[in-house]
Amino acid sequence: MVAFQKAVFLFAALGAFAQQATQPKAPAQPLPFSHRTHAAASLKCAECHPNPDPGDHMTLPATARCMACHATIAKDKPAIQKLAEFAKSKEPIPWARVYTIPAFVFWNHRSHLKAGIECEACHGPVYQMDTLAKVTKVTTMDGCMECHRDKNADTGCGSCHEER
């Protein structure tokens, strides 16, 4: 019986280790930020992450955008007070990027948005995340190729690796 209990314990420990090893690791951020909380307030991705011309990259929210709400909402919380300090100093919040694409890859959010691709397709269920972490393989060639094949999009090298 003891050997069986040890085996069950070892199996459970290995399972927990495997699950922990596959959990996405979120980078340290200068402020705690919950996408879940903000999505529950009915904020849409593009309200905080606009896609200015030429549309290559979505932008991170300007501190003033955050303060438009937080001048009155939760202003007594330490994180919001730190946010207010960033706003007062006119310094952008030094967010750590979660998704990055290699410089040799041409990427354009606008073309994907125009094709009807939802943010969740590449970034996972961000609206359910308290801490943003990389949960998809969107920044890998394999991830991009898989999605392009699924959507019958161009899979030729020049569509991503051609200087524009």
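Me: Which element gives the largest share of the lining of the largest pocket?
Reply: That is α7, with four residues. This is a predicted model, in which local features need pLDDT of at least 70, side-chain atom pairs count only at pLDDT 80 or more, and totals for chains, interfaces and linings use all residues. Residues are numbered from 1 along each chain as its sequence is written, and side-chain values use heavy atoms, with hydrogens and water left out.

Me: Which residues lie nearest the centre of the largest pocket?
Reply: They are His-35, His-49, Leu-60, His-123 and Leu-132, out of 50 lining residues. Two or more lining residues come from each of α2 (35-40), α3 (45-48), α6 (109-114) and α7 (119-123). Helices here are DSSP runs (H or I, at least four residues), numbered from the N terminus.

Me: How do the lining residues divide into nonpolar, polar and charged?
Reply: The lining has 31 nonpolar, 13 polar and six charged residues. Ala, Val, Leu, Ile, Met, Phe, Trp, Tyr, Cys and Pro count as nonpolar, Asp, Glu, Lys and Arg as charged, and the others, Gly among them, as polar.

Me: Now the cysteines. How many disulfides does the count come to?
Reply: The count is zero disulfides, a disulfide being a pair of cysteine sulfur atoms within 2.5 Å.

Notes:
1 Å grid on protein atoms, 1.4 Å probe; cavity = no way out; pocket = protein on both sides within 12 Å on 5 of 7 lines; lining within 4 Å.
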